[in-house]
Amino acid sequence: MSGPTQYQEIDDLIGSKSSYKEGFITTTDVETFARGLNEEVVRAISAKKNEPQWMLDFRLKAYHHWLTMKEPHWAHLEYQPLDYQDYSYYSAPECSACDTATPEEKAAEISEQDDEIAKTFAALGVPVVGNDDENTNIAVDAIFDSVSVSTTKRADLEALGIIFCSFSEAVQEHPELVQKYLGTVVPYHDNFFATLNSAVASDGTFVYIPENVRCPIELSTYFRINEAKTGQFERTILIAEKGSYVSYLEGCSAPARDAYQLHAAVVEVVVHEKAEVKYSTVQNWYPGDENSEGGILNFVTKRGICEGDYAKLSWTQAETGSAITWKYPTCILKGDYSIGEFYSVALTNQRQQADTGTKMIHIGKNTSSTIISKGLSAGKSQNTYRGLVKILPSADNARNFTQCDSMLIGDKCGAHTFPYIEVENATAKMEHEATTSRIGEDQLFYCKQRGISEQDAISMIVNGFCKDVFKELPLEFAQEAEELLAISLEGSVG
Amino acid sequence: MLLDVQNLKAQVAEDESKQILKGLNLQIKAGEVHAIMGPNGAGKSTLSSVLAGREDYEVTEGSIQFDGEDLLDIDAEDRARKGVFLAFQYPVEIPGVSNKLFLQTSVNAIREERGQPALDMFDFDEFAQEKIELMGMRKDLLERSVNVGFSGGEKKRNDIFQMALLEPKLCILDETDSGLDIDAMKVVANGVNSLRSDERSFIVVTHYQRLLDYIKPDFVHVLYDGQIIKTGGFELVHELEENGYDQIVQAFHAQANI
């Protein structure tokens, strides 16, 4: 295990990647594990977090299973097999005085460290404890590399019985809930990356909404990968008890680094009877530079189950970042009359690759699902929609509506659609619409003839194309998503 | 002289075999209304596109002076900002983009060019509502997506409405009357007439005399095979209506053979 290291200021590096505004690096002392993965590392992560035996057992079970698995390469993505021994599996802002110092010294050092991190989040526009505004209508859990550094508004939420804390805290303070749900929606052996996550899960967010409580504010997690050559493996668990409601949003960014960084998260959502969960993601991980050097590999397993009748789960995502994205947020519609929704905008530019979509698994009767996917490809990128709608024999009168639209910007990019439909019940009603268009020369000329610059015209046309999805995002994030699109598209034409 | 087109030759971009304009001359003073008529394939729409700066066409020879500037040095968006407006033969749909956003962006781009302050949402709304009434547009126009779900007539009227908002120096109407019923045509003609002024010129490209009956152009040109082969006053419209283009075309060929 390495001692504290000092981050380097690499201003010029960031300068050359000016279009990715979040690409700066935070300078702070950190504790980062030596690169490599073995049973000792898994035990060390668990020990570092002071975890109970059951959590360690879960990790080890997953780790041993992972050793028997092969990295999947079936997606429409091109990348070399990763060297898992070349990543570090734990990195945290460090408090070097913690072991020996007096409480006063400890507090002083922590506050100094926190300042740097607080500045980072402030620069990203994320409220954390100390800089959060009393009047904001949002609670934030900020995660920096492997650990959660701040959770705001906690007291307000506790009054309602809502638990909103980091995953590590939940393991300590709500072990019965974590044990009850961990691995129930995404089992430890589910897939290669989910299994890896189960073994080395760093931190993440835990949300619990009690029966009949409508969470009055948005809950949000902001993930930041800072350390180079580090993997981030969050585990997020969100439980909505009977009749409850919550809107949860996650945002992501990372510094511009010239080597791939691995992000393999797992999200598990459980929606009980008559509860509703809106889960939104604005993902802006560093996409790599023009020559596809560096960037985040975003290999994520997100799955939710509508456990009870009339439960509803919506996934909304605006994906503009990452070098490679591989994710298929899933709704398992088990309860009768349960509803699954997936609204997605996935934009790829330069040499980004995305293979993303959703799975809707209909089990209960009268279940319905809606999929609206808008794929935008620019530069030399490849953008793939891959979706599965599965109607099981028990799902009488299931309904699905799927609309997949792709837009090409320029002529060196690609858009691909792989919809899988498996129907095992004759009463199902399925609708599927798909379109591919090139951003119209006619549309561009029409705008330019009205004095609108090409860049504004593209941004306007693209945002119009994505409107059906953006209107599903909470208001302030819809704005953010629009701006992200504009930034991500800079220089994509001409 | 507001517009001075000299010996203009243009082809489809990167295709030498498709020479469309073959030495076209046209001079327009401020305040004048010129009609351009001609058979299919004569180059009427190409002329409109080349003036507006569409990149599908390549100018191989000749010059276009507009308001003292060389128009060929300026790209489409700057031509628009300097006061060249094209009402499209087929106005384009832009799904998900409201007329309000589209037009406010457009109006403010042009105001910026003129050194005027940008209109905020409220001022723009007020400004637009006046013109909506003038053009007999639906009240919810600003909330609807640009041309999406509009009938053919509504799309054309929407273009004239935009013309009224942007107050250009040179208005080019590219077969705006095609596909319009008589009532819609009257609305378009009224719109054009209400915008006529000593500073504003028009090029009205059309197949039919009907629109011209309402607009009464100062000059009428016959475009044939990429050149203007005859120019006259309003009476030429009726001559064409009665005799078609044949006589004029034959006379042109006879002269060319001398």
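Modeller: A salt bridge is a side-chain nitrogen of Lys or Arg lying within 4 Å of a carboxyl oxygen of Asp or Glu. This is a predicted model, in which local features need pLDDT of at least 70 and side-chain atom pairs count only at pLDDT 80 or more, while totals for chains, interfaces and linings use all residues. Residues are numbered from 1 along each chain as its sequence is written, chains are lettered from A and ligands numbered from 1 in the order in which they are written, and side-chain values use heavy atoms, with hydrogens and water left out.

Colleague: How many salt bridges does the rule find across the interface of chain A and chain B?

Modeller: The rule finds 3 across that interface, and one salt bridge joins the side chains of B:Asp159 and A:Arg450 at 3.2 Å, N to O. Helix 9 (441–449) and helix 10 (454–470) of chain A each supply at least two residues of the side of chain A that touches chain B, helices being DSSP runs of H or I with at least four residues, and strands runs of E with at least two, numbered from the N terminus. Helix 9 of chain A gives the most to that side, with 7 residues.

Colleague: What area is buried between chain A and chain B?

Modeller: Buried area is the accessible area (1.4 Å probe) that two parts lose on being put together, summed over both. Between chain A and chain B it is about 2000 Å², of which carbon and sulfur atoms give 63%. In chain A, the residues that lose the most area to chain B are A:Phe445, A:Tyr446 and A:Arg450, together 38% of what that side buries.

Colleague: How are two packed helices described?

Modeller: They are described by the angle between their axes and the distance between the axes. The axes are lines fitted to C-alpha atoms, for helices over the stretch in contact, and angles run from 0 to 180 degrees between N-to-C directions. Here helix 3 (residues 53–66) and helix 8 (residues 192–200) of chain A pack at about 140°, with their axes 7 Å apart.

Colleague: Which salt bridge is formed by A:Glu276?

Modeller: The side chain of A:Glu276 meets that of A:Lys312 in a salt bridge (3.9 Å, N to O). Because A:Glu276 lies in strand 12 (residues 276–283) and A:Lys312 in strand 14 (residues 312–319) of chain A, the pair ties together parts that are 36 residues apart in sequence.
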